[in-house]
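Please look at the sequence and the model before reading on.

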Amino acid sequence: NKYTVEFFKAVNLGIYGSDLNIASSFDQTQESMVFLKCVNVLAGSLGVNSVFDQRLFDRIQEQSNNKDSILSIIIDAFKKVDETLKYNNRPATSAYILAGCWIEGLYVSCQMAISNDNEKIIKAIIQQKESLKHLIVMLESSPLNERSKFMVKDLKQLYNAFNQAEGTKVYDKATLEPINNEIASLRRKMTTGA
């Protein structure tokens, strides 16, 4: 209910969608259903709730023991949302959803990498600089409103943190900390609707 502006609804649909994928990947069925309900509410407020209808819930329940099938169902649902928004001439809304997915994926990855101080995961995170570059280009080519332009500015700051981390050639918690701080700050802005 706290997301009243389309930008925040869309970004948080992406964030909750990402959380839904993560919960499904780790066989967290109860959490998955909570995230699915949140996704359904946000999709409804954006006018794309027909994708997240009872049939989708039933399909997920039927496949509850097959996480690959569940992930495929969720990915297909978000593809349909993207197609619907683009068909209805709302590409910026679609871009916001994708940005929310990407932001949450990076945020969760950073949290896991820092708690485990895993060099392999940290290196994989730093390699996401290129996908961040593409995300920025996509958002810059979308018709952003004044309320959402801060996201591109913050993503560019995040890109600078990636450049610094990449330049160190060291893959430890200290190297990842600036990236983690930037993504945590951006995520906080998105989830609080500030």
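The second largest pocket is lined by N1, K2, Y3, K9, Y16, C38, V41, L42 and S45. A pocket here is an open set of points on a 1 Å grid over the protein atoms alone, where a 1.4 Å probe fits, with protein on both sides within 12 Å along at least five of seven lines; lining residues have an atom within 4 Å of a point. Helix 1 and helix 2 (29-45) are the elements that give two or more residues to this lining, and helix 2 has the largest share, with four residues. Helices are DSSP runs (H or I, at least four residues), numbered from the N terminus.

This is a predicted model, in which local features need pLDDT of at least 70 and side-chain atom pairs count only at pLDDT 80 or more, while totals for chains, interfaces and linings use all residues. Residues are numbered from 1 along each chain as its sequence is written, and side-chain values use heavy atoms, with hydrogens and water left out.

A volume is the space filled by probe spheres set on the grid points, which are joined across faces, edges and corners. Ala, Val, Leu, Ile, Met, Phe, Trp, Tyr, Cys and Pro count as nonpolar, Asp, Glu, Lys and Arg as charged, and the others, Gly among them, as polar.

| Pocket | Volume | Lining residues by class |
|---|---|---|
| Largest pocket | about 510 Å³ | 14 nonpolar, eight polar, three charged |
| Second largest pocket | about 180 Å³ | five nonpolar, two polar, two charged |

Helix 5 supplies ten residues to the lining of the largest pocket, the largest share. Helix 1 (6-25) and helix 4 (67-87) also supply at least two residues each.

Helix 5 covers residues 91-116. Its 26 residues should span 38 Å at 1.5 Å a residue, and the end C-alpha atoms are 38 Å apart, which agrees. The expected span is 1.5 Å times one less than the number of residues. D117, which follows helix 5, has a positive phi near 45 degrees.

E104 lies in helix 5.

S142 sits in the loop between helix 7 (129-140) and helix 8 (149-168). S142 is also buried, at 13% relative accessible area. A polar atom of its side chain lies 2.9 Å from the backbone oxygen of M138.

Methods: Buried < 20%, exposed > 50% of the residue type's maximum accessible area, 1.4 Å probe, protein only. Polar contact = N/O pair within 3.5 Å; in protein donor to acceptor, adjacent residues only side chain to side chain.
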